[in-house]
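Look over the sequence and the model first.

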Amino acid sequence: MAYRANEERYQSMKYARCGRSGVKLPLISLGLWNNFGGIDTHENSRAMVLRAFDLGVTHMDLANNYGPPPGSAEETFGRILKSDLGSYRDELIISTKAGYHMWPGPYGEWGSRKYLVASLDQSLKRMGLDYVDIFYSHRPDPDTPIEETMGALDHAVRQGKALYVGISSYSPEQTTKALAELKRLGTPLLIHQPYYHMLSRGLEDGLLDVLEAEGVGSIAFCPLGQGLLTDKYLGGIPQDSRLAKKAGFIQESQVSEANIAALRKLNDIASERGQSLAQMALAWVLRGGRVTSALIGASKVRQIEENIKALDKLEFTAEELKRVQDIITTVKF
Ligand SMILES: NC(=O)c1ccc[n+]([C@@H]2O[C@H](COP(=O)([O-])OP(=O)(O)OC[C@H]3O[C@@H](n4cnc5c(N)ncnc54)[C@H](OP(=O)(O)O)[C@@H]3O)[C@@H](O)[C@H]2O)c1
């Protein structure tokens, strides 16, 4: 049946300005790293993307290598655009990235202009798009001058193949250099995509300060610690979990008895707040409005529905934050 978007899709989602740009992002965005590949059931991937859009998730995050196999998540998303979402293109912020391994030889990964320019062309072809909204350098390249990598991002914008540019997993120092070069080129840095959740707080060691000072937005990836910060592992390792499937980089050592005991205590605090652990973990990432958006993954429609309800209660009392802090410092991650 032809898809028609929910008419109420903008009524419950909240949107935040991305740094000092003109663009707003939903507080919860959807990433297509896992469960949208060629090995996955297309109908489930499609159902998740459409349900997210129906709930006001206007931002879908991809990368050249998402799958498996690499490239296939962009193909899946291209199919969904063609069958359902094409007429809503102007309501969507679609991002892709290049940085990790995509094809053999010296030009298939990292941060050269050669690789980034070719990769974006491939991504556009796979998704059937003329342009993406955000094109990212997926990781810093220790061997390519940052001027070259930023020059390639600037080139993508000048070619009309990207509207904005972003960087992911750059340190505060690398970010400062990238910012300076992009400023010189006249293409502002819209967004940084860092790894950030309750159990991994590197973003707070200087990077967030740089981003805020420079008016750059941030979108936290793996805000649920790949599923660890939900109730899913509290009673063992479910068969259909990312850990059981050995997907992503979640480790069995992370579900040790001691960690699970700590996660149960977090789960109790979430219950007192009237939330699930996943909802509290997302509210925590977004606390105080310093991070623009939490970039979730999902394997089922109901996870997306549950996670978006985090927005019903984003505030924490000082006491709750202290209790959470005391617990998370005990977790070995
Ligand atoms: N820039 C980068 O280098 C980088 C790296 C990694 C990810 N990312 C981006 O970040 C996005 C999100 O990463 P992620 O998938 O690791 O994020 P995440 O939100 O931390 O974890 C998502 C996983 O947690 C489980 N889950 C989600 N909601 C749940 C719920 N309510 N109850 C129980 N389990 C739930 C699902 O796993 P199950 O399969 O176990 O159900 C789901 O696939 C990616 O898609 C990608 O766009 C970027």
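**The model.** This is a predicted model: local features need pLDDT of at least 70, side-chain atom pairs count only at pLDDT 80 or more, and totals for chains, interfaces and linings use all residues. Residues are numbered from 1 along each chain, as its sequence is written.

**The whole chain.** The protein chain has 10 helices and 10 strands. Helices (H or I, at least four residues) and strands (E, at least two) are DSSP runs, numbered from the N terminus. The radius of gyration is 19 Å, close to the 20 Å that the globule rule gives for 333 residues, so the chain is as compact as a globular protein of that length. That radius is taken over C-alpha atoms, and the rule is 2.2 Å times the number of residues to the power 0.38. The C-alpha atoms fill a box of roughly 50 × 50 × 40 Å along the principal axes.

Buried residues make up 47% of the 333 residues. A residue is buried if 20 or more other C-beta atoms lie within 10 Å of its own, exposed if 12 or fewer, and partly exposed in between; C-beta atoms are placed from the backbone.

**The ligand.** Which residues are closest to the ligand? They are G31, W33, L224, G227 and G297, and 31 residues surround the ligand. To count, a residue needs its C-beta atom, placed from the backbone, within 6 Å. Helix 9 gives the most to this shell, with 3 residues.

| Class | Members counted | Residues in the shell |
|---|---|---|
| Nonpolar | Ala, Val, Leu, Ile, Met, Phe, Trp, Tyr, Cys, Pro | 10 residues |
| Polar | the others, Gly among them | 17 residues |

**Helix 1.** In helix 1, S45, M48, V49, A52 and F53 are buried. They cover an arc of only 130 degrees around the axis, which puts them on the same side of helix 1. The arc is that of the directions from the helix axis to the C-beta atoms. These buried residues pack against strand 3, strand 4, helix 2 and helix 9. After helix 1 comes G56, whose phi is positive, near 95 degrees.

**A loop residue.** V23 sits in the loop between strand 1 and strand 2. Is V23 buried or partly exposed? V23 is partly exposed, because 18 other C-beta atoms lie within 10 Å. V23 and I93 are 70 residues apart in sequence, and 9.2 Å apart in space, C-alpha to C-alpha.

Conventions
Contact = placed C-beta atoms within 7 Å.
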